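The notes are grouped by topic after the lead sentences.

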Amino acid sequence: MASQRHKKRIFSGVQPTGNIHLGNYLGAVKNFVKLQALGNEALFCIVDLHAITVWQDPKALYSSIRELAATFIACGLDSNKSILFSQSQVSGHAELAWVFNCVVRIGWLNRMTQFKDKAGKNKENASVGLFAYPALMAADILAYHATHVPVGEDQKQHLELTRDIAIKFNNDYQVPNFFPNPEPIIEETAPRIMSLRDGSKKMSKSDPSDMSRINLQDDDDLIALKIQKAKTDQEPIPEDVPSLAKRPEANNLVNIYASLASCLPEDVLNEFNGKPFSFFKPKLAEIIISELGPITKEINELMEQPDEIDKVLNDGAIHAREISDPIIKSTYEILGLTNNCK
Ligand code: AMP
Ligand code: TRP
């Protein structure tokens, strides 16, 4: 097969589990909206097959899928400009994941830090799906020959594995450049938003403490309370960024502010240096509420129209299949699973 050039195509995925939070928003979804505004061809996927790598209540899962679709739309993703869909509705993801399970090496998967974090001490009892999760993620991206993947910094290692899988497949089957080498796009001011309770841990859906994160569904009072209670130190806001290096909680709050105000952390320090956190926190709460308030309102309105959401997802799946079906077909031909002797 001749070497191919790949046109720019964006792909990213978010799991429909638990509450989508400020880390997801600033690290990922806000970036999706910016990339869409630049006129890129883009697919944004609700990765429900990833979600079931840990048990999900079937009664709640579909509602979480709809809620994430509503969140995408409320944040500014537009189904007329981007393809919005859920992973389980496009069979190419699972088909290509199986192929990649046969390409990826156990040793490569053993190095994945997310598996170690999620499986914890009880590795023997984790699902095989949780272990093979990164091969499915590679399939998500490569089933569309996507070239750019906007994600938070925590997904960098999975992206590197995706590249390794693409390279190994292309080499093993001597199809130079059949799968592209996708590149991560990581938001500069919000690569990793940290927990409000512990500046050394990332803000996460699975943190048992709800006070550790701002959920997109939190109301104004709750946001103000969570910021007021956010852990900080005794020092005032410093003059320069290097002085934040050993103050993870302070650094996190400054970064959140900078990201929402679309400015640099040094601009925030110029404005607030010398001021105590008791002065800064209400300003931070205000800027969070003014950005998230309208989004929450729209999510709630959209959730009143479930048929509309389902239509967006169904149409999105049709478009997604139009792109991935021929790629899966070529992959099967390359593997010798179907007759390619024309
Ligand atoms: P997940 O909720 O794990 O499906 O993550 C969805 C997207 O949000 C991925 O691109 C993650 O990298 C990103 N993300 C999750 N948590 C954070 C965080 N604390 N800071 C920045 N980005 C995040
Ligand atoms: N693994 C990602 C996370 O936990 C979600 C994801 C699944 C994803 N497939 C993807 C992200 C493909 C980008 C591209 O956040």
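The lining of the largest cavity is made up of four nonpolar, two polar and one charged residues. This cavity holds about 50 Å³ of space, and it belongs to a predicted model in which two cavities of 30 Å³ or more are found. The largest pocket, by contrast, has a volume of about 1,200 Å³, and this pocket is the space taken by ligand 2.

**The two cavities**

- The residues that line the largest cavity are Gln114, Phe115, Lys118, Leu130, Tyr133, Pro134 and His158, and helix 6 and helix 7 each contribute at least two residues to that lining.
- Sorted by class, the lining of the second largest cavity comprises three nonpolar, four polar and one charged residues.

**The largest pocket**

- With a volume of about 1,200 Å³, the largest pocket is lined by 48 residues, of which Gln114, Lys118, Asp154, Gln155 and Lys202 are the closest to its centre.
- Its lining divides into 19 nonpolar, 19 polar and 10 charged residues.
- At least two lining residues come from each of strand 1 (10-14), helix 1 (22-37), helix 2 (48-51), helix 6 (113-119), helix 7 (128-142) and strand 4 (148-150).

**The shell around ligand 2**

- Which residues come nearest to ligand 2? Of the 14 residues around the ligand, these are Gly13, Tyr133, Met137, Asp140 and Gln155.
- Strand 1 and helix 7 each supply at least two residues of this shell, and helix 7 accounts for its largest share, with four residues.
- By class, the shell contains seven nonpolar, six polar and one charged residues.

- For Gln15, an N or O atom of the side chain is 3.4 Å from an oxygen atom of ligand 2.
- On its own, ligand 2 has 360 Å² of accessible area, and the protein covers 90% of that area.

Conventions: Residues are numbered from 1 along each chain as its sequence is written. Chains are lettered from A and ligands numbered from 1 in the order in which they are written. This is a predicted model: local features need pLDDT of at least 70, side-chain atom pairs count only at pLDDT 80 or more; totals for chains, interfaces and linings use all residues. Side-chain values use heavy atoms; hydrogens and water are left out. On a 1 Å grid over the protein atoms alone, a cavity is a set of points where a 1.4 Å probe fits but cannot get out, and a pocket is an open set with protein on both sides within 12 Å along at least five of seven lines; lining residues have an atom within 4 Å of a point. Grid points are joined across faces, edges and corners, and a volume is the space filled by probe spheres set on the points. Ala, Val, Leu, Ile, Met, Phe, Trp, Tyr, Cys and Pro count as nonpolar, Asp, Glu, Lys and Arg as charged, and the others, Gly among them, as polar. A residue is near a molecule or strand if one of its heavy atoms lies within 4 Å of it. A polar contact is a pair of N or O atoms within 3.5 Å; within protein, one must be able to donate a hydrogen and the other to accept it, and residues adjacent in sequence count only if both atoms are side-chain atoms. Accessible areas come from the Shrake-Rupley method with a 1.4 Å probe; for residues, only the protein chains shown count as cover. A molecule sits in a cavity or pocket if more than half of its atoms lie within 2 Å of its grid points.
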